Amino acid sequence: MDTEGEHSENLAQLIKRIRDTYGVNESEVARRIGVTPATVNSWTQGRRGTKRGPNPEKLRALAREFPKFTEAEIFAAAKRAAPGPLSPNAEERLLDLFRGLTEEQQQMKLIELKALNDANKR
């Protein structure tokens, strides 16, 4: 995340670079990542729409659709911590562990995970 000034580009500037690099307009960016053109426009105008900013899945979609820009670069521009990578088997391992918990333990873990995710969105 934007630490010690190492990356000062904001999301609006990054989207402009994406548009320039790929020769696309805001509507095409929006179509390719599954949001409305108004959403992309709000990002380019510096309006995030919510306190949390762009959804991490939409930031990942930007990296997937415009691969000249890394996920880390996109998340940094959005002033968000980039989620850690998941190995191919990690999701299944997590589900197996979760299934071994009692219902009460599952609820506690869901609360804990939500809090961690919310903290990463600030």
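**Close-up views of a predicted model**

**View 1. A nonpolar surface patch.** In this predicted model, L86, L94 and L97 make a nonpolar surface patch of about 340 Å²; a patch consists of residues with over 30% relative accessible area and no salt bridge, where like charges are joined within 9 Å and nonpolar side chains (Val, Leu, Ile, Met, Phe, Trp, Tyr) within 5 Å. Accessible areas come from the Shrake-Rupley method with a 1.4 Å probe, and for residues only the protein chains shown count as cover. L86 lies in the loop between α5 (71-77) and α6 (90-99), helices being DSSP runs of H or I with at least four residues, numbered from the N terminus. L86 counts as exposed because its relative accessibility is 58%, where exposed means over 50%, buried under 20%, and partly exposed in between.

**View 2. A network of salt bridges.** E9, R17 and E73 are linked by salt bridges, each defined as a side-chain nitrogen of Lys or Arg within 4 Å of a carboxyl oxygen of Asp or Glu. Between E9 and R17, the closest N and O atoms are 2.6 Å apart. E9 is buried, at 14% relative accessibility, whereas R17 is partly exposed, at 33%.

View 3. D20 and K16 form a salt bridge with an N to O distance of 2.9 Å. Because these two residues are four apart in helix α1 (residues 11-22), about one helical turn separates D20 from K16.

**Notes.** Residues are numbered from 1 along each chain as its sequence is written, and side-chain values use heavy atoms, leaving out hydrogens and water. Local features need pLDDT of at least 70 and side-chain atom pairs count only at pLDDT 80 or more, while totals for chains, interfaces and linings use all residues.

Methods. Buried < 20%, exposed > 50% of the residue type's maximum accessible area, 1.4 Å probe, protein only.
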